[in-house]
Amino acid sequence: MSSSHSIDYPVCLRLEGRRVLLVGGGTIAEGRALAVLEAGARLRVVSPEVTPTLRQLAEDGRVEWLRRPYAPGDVRGHDLVLAATDDAEVGPRVAEESRALGIWVNTADVPELCDFTLPSVGRKGPITVAISTAGQAPAMARLLRRELLARVAPHHVWLARLSGFLRRHLPAGRERQRLLKGLVEGDIGALLARGERKAAWTRLRAELETLKASGETT
Ligand SMILES: C[C@@]1(CC(=O)O)C2=NC(=C\c3[nH]c(c(CCC(=O)O)c3CC(=O)O)Cc3[nH]c(c(CC(=O)O)c3CCC(=O)O)/C=C3\N/C(=C\2)[C@@H](CCC(=O)O)[C@]3(C)CC(=O)O)/[C@H]1CCC(=O)O
Ligand SMILES: NC(=O)c1ccc[n+]([C@@H]2O[C@H](COP(=O)([O-])OP(=O)(O)OC[C@H]3O[C@@H](n4cnc5c(N)ncnc54)[C@H](O)[C@@H]3O)[C@@H](O)[C@H]2O)c1
C-alpha cells in the first residue's frame with residue numbers, strides 16, 4: 001500500500017466520543033492510549049498484560065480492558081484501530097480484519113500495514129506541532145518536534161486563544177479575516193512578542209472600533 005517515496009496526507013482527527021481499539025498493553029500502547037484519551041476517545045484495550053498506568057486507568061473506569069489476547073471480531077464497532085503488540089503475527093491479523101471492515105488501522109511495528117502513521121507530537125495550549133518523516137526516521141521526528149516546540153512562545157499560545165475568542169464573537173467576513181491575520185502577522189503580534197501587552201491592547205481596541213464602524217459587527 002505504501003512505498004518509500006509516497007507522501008502522507010496529514011490530518012488532525014477529532015476523536016471526542018469516538019470508539020478506539022488498542023491491541024496490546026505495553027510501553028508503546030500506553031503512549032497511544034494516553035494520547036487518544038487526551039483527545040476524548042472511548043478506549044478499549046485488548047491485551048493479556050498491561051502497564052501499571054493502563055491498569056490504573058482501567059481501574060478508574062477511564063479505559064475498558066479486555067484481559068486476553070486479540071481475537072477475530074474484536075475490531076468490529078470501532079472507528080479507529082491501533083495495534084502495538086510484541087507478537088509479529090498479531091499486527092497483520094488486526095490490520096487485515098480492520099481493512100476488511102473499512103476501519104482505519106495503525107500497526108506500530110509494520111509501516112506497510114498502516115493506513116495512517118503517528119507523527120511526533122508536541123503541544124502548547126491549542127497549538128500542536130506534529131512532525132512526520134513518512135516513517136523514515138522516527139528519531140528525527142522526535143528531535144525536530146522538540147526543536148520546533150521550543151520555538152512556540154507564550155505569546156503564540158496567547159494569540160491563538162485570543163484569535164479563537166474573537167472568531168467566536170465577531171461575525172465572519174472580510175474585515176474579521178483582516179483583523180485576525182493582522183493580529184498574528186502585524187503590529188499586535190509584534191508588540192506581544194516584545195512583551196508590550198498594554199500597547200498591544202490599545203492597538204487591538206482601536207482595530208475593534210474600526211471593525212465596528214465598518215458595520216460588520218453585531
Ligand atoms: C513519532 C512517533 C510517534 C509515536 O509513536 O507516537 C513514532 N515513533 C516514535 C519514536 C520511535 N520509534 C522508533 C524509535 C527508535 C529509532 C528507530 O528505530 O528509528 C523511535 C525513537 C525513540 O524512541 O526515541 C522505532 C520504530 N518506529 C517504527 C518502527 C517500525 C518500522 O519502521 O519498521 C520502529 C522500529 C521498531 C523496532 O525496531 O522494534 C514505526 C513508526 N513509528 C512512527 C511514529 C511512525 C512513523 C513516524 C514518522 O513518520 O516519523 C511509524 C511508521 C508507525 C507508527 O507507529 O505510526 C514516536 C516519537 C515519540 C516522541 O515524539 O517522543
Ligand atoms: N511505532 C513505534 O514508534 C515503535 C517504537 C518502538 C517499538 N515499536 C514496536 O511496537 C511493538 C510494541 O512494543 P512495546 O515496547 O510496547 O512492547 P511490550 O513488550 O512493552 O508490550 C507488548 C504488549 O503486547 C501484548 N500482547 C502480546 N500478544 C498479544 C496478543 N495476542 N493480543 C493482544 N496483546 C498482546 C502484551 O501483553 C504486552 O502488553 C513492538 O513490535 C515494537 O517493535 C514501535
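The shell around ligand 1 is made up of ten nonpolar, seven polar and three charged residues. In this division Ala, Val, Leu, Ile, Met, Phe, Trp, Tyr, Cys and Pro count as nonpolar, Asp, Glu, Lys and Arg as charged, and the others, Gly among them, as polar. The structure is a predicted model, in which local features need pLDDT of at least 70 and side-chain atom pairs count only at pLDDT 80 or more, while totals for chains, interfaces and linings use all residues. Residues are numbered from 1 along each chain as its sequence is written, and chains are lettered from A and ligands numbered from 1 in the order in which they are written.

Ligand 1 is surrounded by 20 residues, a residue being near a molecule if its C-beta atom, placed from the backbone, lies within 6 Å of it. The closest are Ser-120, Thr-133, Gly-135, Pro-138 and Ala-141. Helix 4, residues 138-151, contributes the most to this shell, with five residues; helices are DSSP runs (H or I, at least four residues) numbered from the N terminus.

Arg-146 lies in helix 4. Between Arg-146 and Ser-120 the C-alpha to C-alpha distance is 9.1 Å, at a sequence separation of 26 residues.

The chain is divided into domain 1 (1-118) and domain 2 (154-213), with bounds from an automatic or database domain assignment. Taken over C-alpha atoms, the centres of domain 1 and domain 2 are 40 Å apart.

Technical notes
Helices (H or I, at least four residues) and strands (E, at least two) are DSSP runs, numbered from the N terminus.
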